[in-house]
Amino acid sequence: MLRTFMLGKVHGAIVTRANRGYSGSLTLDGSLMDRAGMLPLERVQVLNLDTGARVETYLIRGRAGSGTVGVNGAAAHHFKPGQRVLVVAFASLSDAERKQARARVLILDGTRRNRVRRTRVLRLG
């Protein structure tokens, strides 16, 4: 049996742009993706801490160190630059995989620079 767990989270990111004209996705600073263990084209949920909106989309790797958090396509109707968001990736794991897995949570600085203030590693087992 597989169960679904949070495997990576970027907490308190600030949206840097919203582009309705793009076909979809979330562009995320590549260094944040790496540190959170997230991959390009991975399915994620994006939660707006200011409005409560929740959308599901996929990741596009942004330039590392840029601080980019760009909401694209239809999701851009629910997010505006300056709003605070969470980006969460999940994985379906067997019990054996769960016992070895670690979830990574990045706590950001609350500025548009989107720099990591603290990292937490959580055991799932």
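Author: If a salt bridge is taken as a side-chain nitrogen of Lys or Arg within 4 Å of a carboxyl oxygen of Asp or Glu, the count comes to 4 salt bridges. This is a predicted model, in which local features need pLDDT of at least 70 and side-chain atom pairs count only at pLDDT 80 or more, whereas totals for chains, interfaces and linings use all residues. Residues are numbered from 1 along each chain as its sequence is written, and side-chain values use heavy atoms, with hydrogens and water left out. In general, side chains of opposite charge can pair when their charged atoms come close.

One of these pairs is E56 with R43, whose closest N and O atoms are 3.8 Å apart. Strands and helices here are DSSP runs numbered from the N terminus, with at least two residues of type E for a strand and at least four of type H or I for a helix. R43 is exposed, at a relative accessible area of 59%, where exposed means over 50%, buried means under 20% and partly exposed lies in between, using a 1.4 Å probe and protein chains only.

A second pair is R84 with D50, with the closest N and O atoms 3.1 Å apart. It links distant parts of the chain, since R84 sits in strand β7 (residues 84–93) and D50 in the loop between β4 and β5, 34 residues apart. Both partners are partly exposed: R84 has a relative accessible area of 39%, and D50 has one of 40%.

R98 and D95 also meet in a salt bridge, at 3.7 Å from N to O. Both of these residues lie in helix α2 (residues 95–100), 3 residues apart, which is about one turn of the helix. R98 counts as buried at 17% relative accessibility, while D95 is partly exposed at 39%.

β7 is mostly covered, with 7 of its 10 residues buried. It is joined to strand β1 (residues 3–14) by 10 bridges, the two running antiparallel, and it pairs with β4 in the antiparallel sense over 5 bridges; two strands count as paired if DSSP finds at least two bridges between them. V85 of β7 stands opposite A13 and is also the bridge partner of N48.

Seen as a whole, 9 strands form an open sheet of mixed pairing, in the order β2-β6-β3-β5-β4-β7-β1-β8-β9. β2 (17–19) and β9 (116–123) stand at the edges with a single partner strand each, so one side of each is left without a neighbour in the sheet. From one strand to the next the twist averages 30 degrees, taken between axes that are lines fitted to C-alpha atoms, with angles running from 0 to 180 degrees between N-to-C directions.

A18 is found in β2, and its bridge partner in β6 is V71. A18 counts as partly exposed at 33% relative accessibility. Leaving aside residues up to four places away in sequence, A18 touches V71, A76, F79 and P81, where contact means heavy atoms within 4.5 Å.

Away from the charged pairs, Y22, L41 and Y58 make a nonpolar surface patch of about 310 Å². Patch residues have over 30% relative accessible area and no salt bridge; like charges are joined within 9 Å and nonpolar side chains (Val, Leu, Ile, Met, Phe, Trp, Tyr) within 5 Å. Accessible areas come from the Shrake-Rupley method with a 1.4 Å probe, and for residues only the protein chains shown count as cover. Y22 lies in the loop between β2 and β3 (25–29) and is partly exposed at 38%. L41, in the loop between α1 (30–36) and β4, is exposed at 64% relative accessibility, and its phi is near 70 degrees, a positive value in a residue other than glycine.
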